[in-house]
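Here is a short briefing on one chain of a protein model. Please look at the model before reading the points below.

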Amino acid sequence: MLARVQTWWTVLSISLSERLVYRGDFAVGTLMRFLPFVTQIFLWAAIFESNGNQPIAGYTYPDFMAYFLLTQVARAFSSMPGLASNVALDIRDGTIKKYLIQPIDMVGFLLLKRVAHKLVYYIVAIAPFALVFYLARGFFGGWPEPAVLAAFFASLVMSFLLGFFLEATIGMVGFWFLEVSSLLFVYMLFSFFFSGHMFPIDMLPGFLGHFVQALPLKFLAYFPAAVFLGKVTGQELVIGLIVQAAWVVFFGVACRASFHYGVKRYSAYGG
Amino acid sequence: MAVPRARTDEIARYLRVAATFARNSLVRDMTFRANFLIDAATSIVWMLMNLAFYVLIFSFTTSLGVGTGWGKYQFFVFLATGMFINSLVQAFFMPNANEFGEHIRTGRLDFALVKPIDTQFLVSLSRIEWSSLSNFAVAAVLLGYSLVQIGHRPSVVECVLYPFYVLCGVAVLYSLMMPLAACAVWLGRNESLYDYWFYVINFSRYPMEIYRGTYGTPLRLFFTYMIPVLIVVNVPARLLAKPLDPDNWWLAICAFVATLASLAVSRWIFQRALASYRSASS
């Protein structure tokens, strides 16, 4: 057990220092990431101006802006750039062998790498995030209650795990299909529009709205933001958190299982 | 004035090379035909989803801002114009800008430098992604449908100027992209600089009228005259969507000058970058 913890620690600290090399990049990149938010401010100001400042799907203009900023926070937890495609690539070109012959668990290793990546990201990104939130403080109606805040953080942590296991599972599909880029594209498309980082998914009408609410994608961006803004409360909030946890477990198991069965049919191509 | 013989030969040579690139890319695309079709289809789906998003927005409002003249179908003309421009950039320049950074990082740029042809030409055009042009179909249908809805029949002048300004828009986006990719020479890696391109051109996605007020006006001026991303889609789109707007002529002149200026600046940066290039490996 101790040895295992030590391995994990080593992996974590190596990944940490690896990541810190590009800290300048990270900080500037984070600020740039808010540039689209500037266009959102003006776009939605124009929209609300022409509809006479009527709330849209229960969101006022400041709500909308606060929502977009909060989904940025959620995405900072849940987005896993390159995870699925890298797993699939490792399978295709045979690099995955290194995990099979070393006494290390691939999923655990990748998870730790991501944790390190995210930790460094938060350490560096907290300054630009704080700056932007400070500048945009007018959009927020003050801090939510401690219980809501706790739920918000819980859903953020789960959104990280969900994002990781979901993408890793998609990558593992590479054991069965050598090329997963089309599948990835479909996933990206869906997550782009239906995770809620383009718009609050309560805006969607009728059946489509119900369908999207039932997908796990909303936990990657929409749900944490909606919790913070008090759009999801009481029993609904508790159920939401439980459903999110269930999705994490589901994809955790799916990821493990696909790795387990995938390795069995794997036939190491390449050198 | 007659164009010197050597000059026309030179142009013909470049056109031949460009045609070869186009053919090679098409052959390559056709080798993986299923993949090509999937790429084309996914790119269309992406466009349609985007369109659906704006349909959704316009179910909550009738226009973008009061008195801006950007109603639903005017904005869809804008959207279609953006699709034309972006699909051209995606087809011709994006794969190359992507690879250019890699070439610098790995030292493979050496092979481009030794070829007896302009390096920027070679680097910018060697790979064409034909599947991206599938968006043209979506854009054309959307443009036609929206113009019918507005009830505007384009004049001959508009029919000539519209494609011209679409190409100007492509040129401006290209001029922003290539220098950012070329910065890899100084940085050793280009990932985030090239990412910035997407963040900057994000400003081209909406009508310029939405940028107003204390903060909006300086932004609009900056992105019109300093980094001219706002003119990219706005100028051609206004020609068809808001043909009577008095600002159009002034903007059209600005767009033309801005296109020439940005091409010149990008050329200059590209050559500065090449001058600083030190082959990464042997």
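Contact means that heavy atoms lie within 4.5 Å. This is a predicted model: local features need pLDDT of at least 70, side-chain atom pairs count only at pLDDT 80 or more, and totals for chains, interfaces and linings use all residues. Residues are numbered from 1 along each chain as its sequence is written, chains are lettered from A in the order in which they are written, and side-chain values use heavy atoms, without hydrogens and water.

**Fold of chain B**
- Chain B has 13 helices and 0 strands, where helices (H or I, at least four residues) and strands (E, at least two) are DSSP runs numbered from the N terminus.
- The C-alpha trace of chain B spans about 60 × 45 × 45 Å along its principal axes.
- In chain B, 52% of the 282 residues are buried, meaning under 20% relative accessible area with a 1.4 Å probe, protein chains only.
- Of the contacts in chain B between residues at least 6 apart in sequence, 81% join residues at least 24 apart.

**Helix α2 of chain B**
- Helix α2 (residues 33-57) of chain B has 25 residues and should span 36 Å at 1.5 Å a residue, which agrees with the 36 Å between its end C-alpha atoms; the expected span is 1.5 Å times one less than the number of residues.
- Buried residues of α2(B) include B:F36, B:M47, B:F53 and B:I57.
- In chain A, the buried residues of α2(B) pack against α3 (35-50) and α9 (181-194).
- In chain B, they pack against α1 (5-31), α3 (72-92) and α7 (135-150).

Technical notes. Buried means under 20% relative accessible area, exposed over 50%, partly exposed in between (1.4 Å probe, protein chains only).
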